[in-house]
Amino acid sequence: MFLRSEAIRGYTLLSPTLVVMMFGMCAPFAIMVAVSFWTQHAFDFDTTFTLGRYQDVIDKPIYMALMLRSLAISGACTVVTVLLAYPMAYYVAFHVHRHKLIWIILMTLPFWTSYLLRVFAWKVILGFNGVINSGLKGLGLIEQPLEFLLYSPTAVVITLAHAWAAFAILPIYVSLEKIDRSLLEAATDLGDGPVKRFLGVTLPLSLPGIIAATLLIFIPTVGDYVTPALVGGPSGIMLANNIQAQFGKVNDWPMGAALAMAMMITVAVISVVYIWVTRKAAGRIV
Amino acid sequence: MREVSYIERSNRPLHVYALMYLAFLYIPVLFLPLFSFNDAVYAAFPLKGFTTKWYEQMLASEPMFAALTNSIKVGATTALLATVLGIFGAKAVTRYRMPGKQPVVFVIMLPLVIPGIILGVALLILVTRLGINLSLYTVTLGHILISVPFAMATLIPRFEGFDKSMEEASADLGANAWSTFWRVTLPMVFPGVLASYLLCFTISFDEFIMAFFLAGTDPTLPIFIWGQLRFPLLLPRVLALGACILAVSFVLVFIAQWLARPGAIRSLDSRP
């Protein structure tokens, strides 16, 4: 009885937050699902149920190509970001003893500043007349500007790896910090060298952090359209740019809604499979 | 200082790597202030000379100030409402044993991992189907949704960090729930509340994707900047504006992180 009244009081206190968040997410998603089954007629919708838009997602090669490219770019970006961030998180977890907090704040500070401005900064750096090209030309190392720097999938991957760094560092750092140091000492006492100790103890124990980091980067970057729009060029355009266009100049909202749904479902399936596979793999190691 | 285990002894290559990584994080952003003082339209080397004219031009721009005012309004409102919702949520999940707490917290935290464009277009569809005009209010609504998870994440450690018995003592001494909250709970969690307010303000102030879909004719500052990016000749002004925004964001977030640091209460108590 006591427990029940405690739960009721807890939920009463939580209700404003929960109601706002539930309404704020469920209502838009419900209506988006509905719209994805409709048809656009000029500036209005034909609300007869149809699977036509989903048929388009599958049949029209452009959508599949964009989807695959989005997955490839954000997959590459996720791998690069996690690989670059791991040693950094490792350094702060194991080798920083004083002013740890300052290091953590330093690593996460850029993440809080304007996303748009950070992407814009990369446009300035990678541009045809940008920092790298004008700098290399000034040093006499190149005659012509390097064209592959801007407006390519590579530019998108570099920019995203910079923009999402904090999402990789923090979870990995937390999982490394949690590792019981005596386990590492035990491994050493039992004759493991640094490499074997890392592969046998540290890496498997930091796996939850790696998994969290991977998902926290992969899921949002699949849906990014600012970075491809600013530094991607035609070959770096992703699915989200097309979704944005469907709600803008193309003005086919049902198509946009169906693409958004297709993207969400794809990402959800990949995430679930990924979690399942890594759990299985981790279970075999430990 | 405690004895450093041999596993944690210094490792020079790793130290160099860490410094390089910090450079990778900061140098790109620092090019904005650098070129904003450069006396040339294009952001390129070699630097041409020092000038503050881009700042003067930027400050003379009426639409920029209109957008700035809009962003401050939206940010202040978002931060207030998200922090209040965060306080309710954080107190509930840290103080009460509730069945089904984990899935509920998961739902509240969901906007963290939903791609911004999906939440943005979904809200756009809802708002237009309901016949509501796009305005700064709709932007605020979107910003509250993405800010609440950050408010909760900032506030929960704060509520966990202080002694529940203080609230109980207050109740035993006859204070009602309301005055216990104002006189005991709020002062104890205040650094966290302030941190949450500053973080939510910064998130809203810098947010672009939701605002892109939900703003009507009144642009917020990031939308204004997006519009300016199409004109190469306006680039130096954008650099100047960007440098100012970065400076303000850095200061606000640094204060917030410092306020929210683990052990902030303890260090206050233990001060001699």
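**Figure 1. Left-handed crossing of helices α13(A) and α5(B) in the predicted model.** The crossing formed by α13(A) and α5(B) is left-handed.

**Figure 2. Residues at the contact of α13(A) with α5(B).** Helix α13(A) contributes Ala240(A), Ile243(A), Gln244(A) and Phe247(A), and helix α5(B) contributes Ile117(B), Val121(B) and Leu124(B). By class, six residues of this contact are nonpolar, one is polar and none is charged.

**Figure 3. Surroundings of Val121(B).** Leaving aside residues up to four places away in sequence, Val121(B) touches Met32(A), Ile243(A), Phe247(A), Gly256(A) and Ala260(A) of chain A, together with Phe213(B) of chain B. Val121(B) is also among the residues with the most contacts inside the largest nonpolar core.

**Figure 4. The largest nonpolar core.** This core has 163 residues, and those with the most contacts inside it are Ala89(A), Ala168(A), Ile169(A) and Ile172(A), along with Val121(B). Helix α3 of chain A (residues 61-95) gives the most to the core, namely 13 residues.

**Figure 5. The side of chain A that touches chain B.** In chain A, 74 residues are in contact with 71 residues of chain B. Helix α1 of chain A (residues 2-36) supplies the largest share of this side, 22 residues. By class, the side of chain A that touches chain B comprises 53 nonpolar, 16 polar and five charged residues.

How values were computed:
Residues are numbered from 1 along each chain as its sequence is written. Chains are lettered from A and ligands numbered from 1 in the order in which they are written. This is a predicted model: local features need pLDDT of at least 70, side-chain atom pairs count only at pLDDT 80 or more; totals for chains, interfaces and linings use all residues. A crossing is left-handed if the near helix is turned anticlockwise from the far one by less than a right angle, and right-handed if clockwise. Helices (H or I, at least four residues) and strands (E, at least two) are DSSP runs, numbered from the N terminus. Two residues are in contact if their C-beta atoms, placed from the backbone, lie within 7 Å. Ala, Val, Leu, Ile, Met, Phe, Trp, Tyr, Cys and Pro count as nonpolar, Asp, Glu, Lys and Arg as charged, and the others, Gly among them, as polar. A nonpolar core is a set of buried Ala, Val, Leu, Ile, Met, Phe, Trp, Tyr and Cys residues joined through C-beta atoms within 7 Å. A residue is buried if 20 or more other C-beta atoms lie within 10 Å of its own, exposed if 12 or fewer, and partly exposed in between; C-beta atoms are placed from the backbone.
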